[in-house]
Amino acid sequence: MTKITGVQNLTDFTTVAPGELRIITSDIPVRPMSFMRDGERQGFEPALARVVCDRLDLKPVWFNLPLKQFYESLASGNYDVIWFNQIITQERRAWADFTRPYGRFDTAVLVREDAEIEGKAHLSHKRVGVLQESVSLRLLELLPPDIEPVYFEGKHRVGIQMLQALRKGHIDAIVEDSILLLAAEAQGNGVRVAFEMPSQHPFGVGVLPGNRELLDALNIVMSALMLDGTLKRIWGQWIPFKPYPFS
């Protein structure tokens with residue numbers, strides 16, 4: 001049993017391995033949310049995970065798994081949480097219990113710098129790249145029905161592959177969370193965000209179903225980080241170009 005320190009309403013909880021939080025994640029680089037630099041995991045989500053684990057007296061241990069295996073792996077009981085760009089949806093609630101959101105993000109469309117695409121109507125009959133993953137596919141519902149979706153499997157180099165396909169003209173646009181596409185634009189790869197759509201998808205930590213004590217512990221700490229300004233500080237460090245979504 002582990003006891004939360006530094007927050008009110010002390011709560012006992014258990015994890016798969018005592019003293020550790022076993023985190024399902026991915027090595028797909030998605031700046032500024034999560035990426036590897038000099039062998040160390042960086043980004044908004046790892047920074048937040050470290051602070052949360054510090055408050056819970058836990059060591060974060062990350063395991064890189066394919067996106068399509070996230071939820072079946074969580075169900076195996078070998079991991080505690082999924083913490084990697086997870087939009088909270090009813091479909092996913094069937095597989096995991098989710099913490100309160102630690103971020104809200106809009107959807108965007110990325111195109112080549114010289115593309116004559118400025119809005120949804122300009123995507124008619126265009127080839128739009130999207131991750132071949134259930135929640136990502138829902139982003140297509142925000143676009144015209146006559147687009148031609150081009151699917152990319154969520155593996156390590158998928159971001160590079162999608163950008164290469166866009167720059168070479170194999171696809172006309174990419175639809176994804178705006179936070180990721182704005183970061184791609186900032187890196188100067190000959191691409192730009194054509195427009196954003198205000199979806200405000202909530203991101204949360206997926207917890208092994210039935211571990212109510214751990215879920216409560218994570219929520220207590222997340223609430224404390226919001227109240228004491230820590231979450232806002234981490235947001236400002238990694239995502240300064242987007243307004244903090246919680247008042």
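Rings of Phe, Tyr and Trp, taking the six-membered ring of Trp, pair if their centres lie within 6.5 Å. The exercises below apply this and other rules to a predicted model.

**Exercise 1. Find which residues the ring pairs link into a cluster.**

Solution. Start from the total: the count comes to ten aromatic pairs. Then follow the links. Ring pairs join F44, W83, Y102, F105, F203, W235, Y244 and F246 into a cluster.

**Exercise 2. Classify the aromatic pair of F70 and F84 as stacked, tilted or edge-to-face.**

Solution. 
1. Check the distance. The centres of F70 and F84 are 6.3 Å apart, and the cut-off is 6.5 Å.
2. Check the angle. The planes stand at 85°; over 60 degrees counts as edge-to-face. The F70–F84 pair is therefore edge-to-face.
3. Place the residues. F70 is in helix 2 (residues 70-75), and F84 is in the loop between strand 7 (81-82) and helix 3 (90-93). They are 14 residues apart.
4. Check burial. The limit is under 20% relative accessible area. F70 has 1%, so it is buried. F84 has 4%, so it counts as buried too.

**Exercise 3. Do the classification for W83 and Y102.**

Solution. 
1. The ring centres of W83 and Y102 lie 6.0 Å apart, with 40° between the planes.
2. The W83–Y102 pair is tilted.
3. W83 sits in the loop between strand 7 and helix 3. Y102 sits in the loop between strand 8 (97-98) and strand 9 (103-112), 19 residues apart from W83.
4. Both W83 and Y102 are buried.

**Exercise 4. Identify which strands pair with strand 10 (residues 127-131).**

Solution. 
1. Strand 11 (residues 148-152) runs parallel to strand 10, joined by five bridges. V128 stands opposite P149 there.
2. Strand 12 (residues 173-177) is also parallel to strand 10, with two bridges. I174 is the bridge partner of G129.
3. Strand 10 is mostly covered, with four of its five residues buried.

Technical notes
Residues numbered from 1 in each chain as written. Predicted model: local features only at pLDDT ≥ 70, side-chain atom pairs only at ≥ 80, totals over all residues. Heavy atoms only, no water. Buried < 20%, exposed > 50% of the residue type's maximum accessible area, 1.4 Å probe, protein only. Pairing = 2+ DSSP bridges. Phe/Tyr/Trp six-rings, centres within 6.5 Å; stacked < 30°, edge-to-face > 60°.
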